[in-house]
Amino acid sequence: MFDFTTYDVETEEREVTKETRCGVFGCYPPWLQILASKKSYVILFGLVGMNQLAIGSYAVATITTLEKRFKIPSQTSGIITGSWDFGTICSSITIAYIGSKGHKTRWVALGTLLVSVACYSQLLPYILFGPGSDAIAIAQSSNSTDKTSIASSCGMGALYSEDCYDGNTSSTPAILIFMSQFLLGVGVSMYWTLGIAYLDDNVRKNQTPWLIAISSTIRLFGSPIGFWVASKAVEFYVDPTLSPPITDKDPRWIGAWWMGWIPFGIIASIFSVLLSLFPRVLPRASQRLKEQARVEVKTEEKTGNNTFGGFCQMLKRLFRNRLLLCNTFSYVFYMFGVLFYYVYMPKYMESQFHMTASDANMITGNVGLISSAIGVIASGYVVSSFKPSARMITGCNFGVEALGVICMIVYAHLGCQGNNLHGQWAADGSWDLNQQCNSECNCGPSVPYEPVCDLTRSVTFFSPCHAGCSEVVFNEGVKMFKNCSCIPDTFTAVDSFCPVDCQYDLIIFLVIFCIMSLLSSMSHSGLVIIQFRTVDPEDKSVSIALSEMMCSALAYIPAPIIYGYLIDKSCMVWGQTCGERGNCWLYFGESLRYYANY
């Protein structure tokens with residue numbers, strides 16, 4: 001007589017074996033089972049996060065180059081930056097609820113694959129619109145016939161003609177970048193909501209803070225990698241086949257902003273394949289669940305509550321959880337305050353300390369890395385070893401945020417004092433570049449930006465036209481301008497920005513930045529643990545998604561737009577193309593510092 005009990009046990013054992021082995025499509029080779037451990041997952045989870053953070057840092061680092069290339073104001077670039085989080089809002093809760101009932105790592109693999117696709121789609125603006133007419137015009141100039149200099153010389157500005165049909169001012173590139181960032185937000189949301197929940201499900205609860213700290217430390221290396229790749233990419237001209245007569249230290253330089261998206265996309269594709277091989281439950285975690293008589297690897301048990309009614313009940317539980325909501329709102333307010341430095345730090349350093357885009361990206365990526373790593377590891381060790389109460393963790397986070405406010409107040413007083421730009425404030429609050437000395441030069445609003453410096457007085461002019469220069473000469477490869485009506489006859493102007501020395505303020509700024517990075521990272525593990533321990537186990541993934549959605553809606557999306565508006569408000573000189581306002585060329589440093597830090 002057939003023993004149905006034996007058959008059920010054998011079937012269950014086969015199902016459990018399948019759920020705890022690495023592989024896909026029925027292929028579970030023994031050599032692949034080395035991945036079926038928490039150590040392998042923590043390392044891979046950290047590497048995936050590192051690549052995603054590198055992508056985010058690269059996107060931030062190339063914002064100023066995109067603004068120059070496509071004539072985008074900072075407020076618009078803030079909207080583009082917020083599209084990443086708009087994708088998170090639209091997808092996180094739904095995907096977290098569905099994915100929490102299924103194979104979490106394969107959902108994370110799907111998200112990583114979407115990140116890869118989004119990286120490749122970032123190339124579309126360059127493929128469709130090329131380097132742009134401005135970049136081509138600069139590259140095609142030569143010592144004997146410099147089209148840009150001739151167009152911006154005294155008396156020639158009115159004759160300068162613009163190509164209004166090359167996509168420079170088109171909204172299409174901005175829309176394409178917006179859609180790519182949106183797709184990135186959808187993909188990354190799966191990593192945060194399901195990836196970290198999978199880690200907590202498969203380790204002992206007292207190990208979670210320490211393992212999160214390890215993976216977070218690995219992830220932190222993504223920031224310097226992203227900024228380093230960006231700094232190297234923008235050192236190349238936007239079209240590497242062209243050889244412009246200017247260097248990357250020239251403010252007109254447009255770097256190869258598109259170059260870094262290719263390797264990031266390839267790496268994301270590889271990680272997607274590796275994540276898809278992980279089992280639904282790690283073997284040791286499955287054994288512990290058996291011993292506790294709480295084995296939950298059967299498909300029917302995992303998907304039984306995957307209904308709209310169950311989803312609504314879960315949301316009701318979460319919205320009634322006061323501690324969860326308070327923890328989330330405290331993080332929202334903190335992130336709103338510091339997001340300026342996450343999104344606009346390279347631009348801020350370029351404008352405040354007169355640095356090149358490459359140098360600003362290198363410093364932004366590397367400074368603070370060691371401090372952040374120490375903070376994350378230290379907080380993970382403290383939480384795992386001493387098990388502080390939620391009240392104590394919350395109190396420490398409050399102290400960290402209070403110190404952050406003090407640091408921002410100090411920031412407001414650090415920066416180069418003025419840029420000595422020739423001109424004066426007009427009655428309407430704009431900076432008037434046209435003065436009596438260049439009144440006969442016809443320097444219209446479309447004259448190309450080509451700063452020249454009067455070294456004797458350390459005064460910078462927006463262009464040779466605004467300096468009243470009518471002659472261009474080259475001395476040992478250095479472009480110089482003569483016969484300048486705004487400069488004494490015996491002196492010439494050099495083709496560059498006037499140098500400004502403010503290294504002391506820069507050093508203080510970087511020291512404070514390291515302190516802020518240390519304090520900010522120390523609160524990371526505590527916030528995650530509070531998040532996990534205040535909700536039911538089955539609500540973990542959706543609680544993370546809810547917090548991410550609220551942060552995106554209340555901080556990640558509005559903050560870059562508001563800060564972009566404030567940055568635009570501090571603009572001194574706007575570029576104009578085809579009668580439309582484009583990107584800002586020069587900022588009033590003192591106003592920008594106050595807007596950003598007060």
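Is Cys502 buried or exposed, and at what relative accessibility? In this predicted model, Cys502 has a relative accessibility of 10% and therefore counts as buried. A disulfide joins Cys502 to Cys416, with an S to S distance of 1.8 Å. Cys416 is likewise buried, at a relative accessible area of 5%. Because Cys416 lies in the loop between α19 (390–411) and β1 (424–425), and Cys502 in the loop between β7 (493–494) and α20 (503–522), the pair ties together parts that are 86 residues apart in sequence.

A search of the whole structure finds six disulfides. Another of these joins Cys453 to Cys498 (S to S 2.0 Å). The torsion about this S-S bond is about 105°, so the disulfide is right-handed. Cys453 belongs to strand β3 (residues 452–454) and Cys498 to the loop between β7 and α20, so that parts 45 residues apart in sequence are tied together. Cys453 is buried at 1% relative accessible area, and Cys498 is buried at 4%.

The sulfur atoms of Cys571 and Cys584 are 2.1 Å apart and form a disulfide, which is right-handed with 100° about the S-S bond. Cys571 lies in strand β8 (residues 571–577) and Cys584 in strand β9 (residues 580–587), 13 residues apart.

Helix packing was examined for α4 (residues 74–100) and α22 (residues 540–556), which pack at an angle of about 165° with axes 8 Å apart. The two helices are therefore roughly antiparallel to each other, and α4 passes α22 in a left-handed crossing. Residues making the contact include Gly82, Ile89 and Tyr97 of α4 and Val542, Leu546 and Tyr556 of α22. By class, this contact has 10 nonpolar, six polar and two charged residues.

Note on methods:
Residues are numbered from 1 along each chain as its sequence is written. This is a predicted model: local features need pLDDT of at least 70, side-chain atom pairs count only at pLDDT 80 or more; totals for chains, interfaces and linings use all residues. Side-chain values use heavy atoms; hydrogens and water are left out. Axes are lines fitted to C-alpha atoms, for helices over the stretch in contact, and angles run from 0 to 180 degrees between N-to-C directions. Helices (H or I, at least four residues) and strands (E, at least two) are DSSP runs, numbered from the N terminus. Angles under 35 degrees count as roughly parallel, over 145 as roughly antiparallel, 65 to 115 as roughly perpendicular and the rest as oblique. A crossing is left-handed if the near helix is turned anticlockwise from the far one by less than a right angle, and right-handed if clockwise. Contact means heavy atoms within 4.5 Å. Ala, Val, Leu, Ile, Met, Phe, Trp, Tyr, Cys and Pro count as nonpolar, Asp, Glu, Lys and Arg as charged, and the others, Gly among them, as polar. A disulfide is a pair of cysteine sulfur atoms within 2.5 Å. Buried means under 20% relative accessible area, exposed over 50%, partly exposed in between (1.4 Å probe, protein chains only).
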